[in-house]
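This report describes selected features of a protein model, from its helices and strands to its aromatic side chains. Please consult the sequence and the structure while reading.

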Amino acid sequence: MGISRRGLLRGTLLAAGGALAGAGGVLAAERLPRWLGPDRQPIGGGYAPGSDRNIWADDGQQTVTWHVTTDQPLVALTFDDGPGPNYTPKVLDALDSRECPATFFMVGERVQQYHGLIDGRLDRHEVGNHTWNHVDLAEQDFDGVTSQLRRTHAAIVKYTGKTPRLMRPPWGHLGGSTLLAANAMNYNVALWSHQMREKFYQKDPAGNVRYIVEGVRPGAVILAHDYGDPLRLVTLDHLGEMIDGIRARGLKLVTLSELLAVGDQPIRD
């Protein structure tokens with residue numbers, strides 16, 4: 001009988017946990033190193049059923065977009081994980097100074113906690129759903145994903161007055177239950193084609209600007225963050241230069257929904 005890699009790894013973890021407990025250590029399973037955690041691709045692919053219940057969607061399909069096929073000179077700038085006090089006001093100031101629209105994929109509990117930071121500041125911007133507390137949706141069943149999206153949807157509507165029609169899974173991790181839940185809630189799933197490389201360019205912020213400005217093309221979806229590690233400042237301190245550089249190439253920055261509207265993909269209303 002063969003032994004799978006996942007089974008072997010699970011056995012190793014259990015053995016390690018038993019050894020620690022036997023030595024008098026108290027170590028809960030959830031505190032073991034997350035070798036299969038959300039920042040790594042699961043060996044077995046995570047929780048990804050085609051359908052974990054009888055759900056018959058009218059269209060039987062779900063659109064997932066990471067870039068748009070278009071010859072129009074349009075690019076979308078998106079920000080994940082906010083709002084938060086350290087970076088969101090800084091990002092909004094930079095965008096306002098250049099009258100530049102963007103799409104913010106917001107975390108529901110942070111919207112609830114920090115809604116004062118965005119009150120009256122989102123007129124030109126779009127808001128998308130990025131789950132309630134930034135969990136790995138590929139590890140959730142249908143009910144878990146639906147709860148994450150519904151709570152965030154309600155918070156966004158309550159505190160911004162906007163109705164999100166786009167969702168982005170944290171880390172871009174998708175499972176079958178995520179697609180089903182997004183379909184049931186009439187969401188389009190949005191990923192990205194280009195992202196900031198703050199770790200690579202942490203000593204060369206201008207290089208990060210060049211990487212994005214020279215690399216994007218019509219239909220690109222750019223990923224940035226307005227919450228998290230201080231390395232975000234490699235991008236955020238130079239956001240204006242990035243916007244100016246993209247525009248100097250003849251490209252126009254638009255919201256993600258505006259970009260999707262000119263593409264070939266079917267878009268939900």
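## Helix α4

Helix α4 comprises 19 residues, 142-160, and spans 27 Å from its first C-alpha to its last, close to the 27 Å expected at 1.5 Å a residue. The model is a predicted one. After α4 comes Gly161, which has a positive phi, near 75 degrees.

The buried residues of α4 are Phe142, Gly144, Val145, Thr146, Gln148, Leu149, Thr152, His153, Ala155, Ile156 and Thr160. In an α-helix, residues three or four places apart point the same way, because each turn takes 3.6 residues. Several positions in the buried set of α4 can be read with this in mind, among them Val145, Leu149, Thr152 and Ile156. The cover over these buried residues includes two helices, α3 (108-114) and α5 (176-184). Strands β3 (103-106), β4 (126-129) and β5 (166-167) are also included in that cover.

## Strands β3 and β4

Strands β3 and β4 are paired in the parallel sense, with four bridges between them. Within this part of the model, Met106 stands opposite Asn129 of β4.

Strand β4 is covered on both faces. Glu126 and Gly128 are buried on one side, while Val127 and Asn129 are buried on the other.

## Thr178 in helix α5

Helix α5, which contributes to the cover of α4, contains Thr178. Is Thr178 buried or exposed? Thr178 counts as buried because its relative accessibility is 0%, where the limit for a buried residue is under 20%.

Which residues does Thr178 touch, leaving aside those up to four places away in sequence? They are Leu137, Ala138, Val145 and Met167.

## Aromatic pairs

The structure contains three aromatic pairs. One of them joins Phe200 to Tyr201 in an edge-to-face arrangement, with 4.9 Å centre to centre and 80 degrees between the planes. The two partners are set apart by their accessibility: Phe200 is exposed, at a relative accessible area of 68%, whereas Tyr201 is buried, at 15%.

Tyr201 also forms a pair with Tyr211, and this pair is tilted, with 6.0 Å centre to centre and 40 degrees between the planes. Tyr201 belongs to the loop between β7 (194-195) and α6 (205-215), and Tyr211 belongs to α6, so the pair ties together parts that are 10 residues apart in sequence. Tyr211 is partly exposed, with a relative accessible area of 31%. Through these ring pairs, Phe200, Tyr201 and Tyr211 are linked into a cluster.

## Arginines over tyrosine rings

Two arginine placements over tyrosine rings may be examined next. The charged end of Arg110 sits over the ring of Tyr227, at 3.7 Å from the ring centre. Arg165 lies over the face of Tyr187, and here the distance to the ring centre is 5.1 Å.

## The protein as a whole

Nine helices and nine strands are present in the protein. Of its 269 residues, 45% are buried.

How much of the contact set comes from residues 24 or more positions apart? Among contacts with a separation of 6 or more, such residues account for 78%.

Terms used
Residues are numbered from 1 along each chain as its sequence is written. This is a predicted model: local features need pLDDT of at least 70, side-chain atom pairs count only at pLDDT 80 or more; totals for chains, interfaces and linings use all residues. Side-chain values use heavy atoms; hydrogens and water are left out. Rings of Phe, Tyr and Trp (its six-membered ring) pair if their centres lie within 6.5 Å; planes under 30 degrees apart count as stacked, over 60 as edge-to-face and the rest as tilted. Buried means under 20% relative accessible area, exposed over 50%, partly exposed in between (1.4 Å probe, protein chains only). A charge sits over a ring if NZ of Lys or CZ of Arg is within 6 Å of the ring centre and within 35 degrees of the ring normal. The expected span of a helix is 1.5 Å times one less than its number of residues. Contact means heavy atoms within 4.5 Å. Two strands pair if DSSP finds at least two bridges between them.
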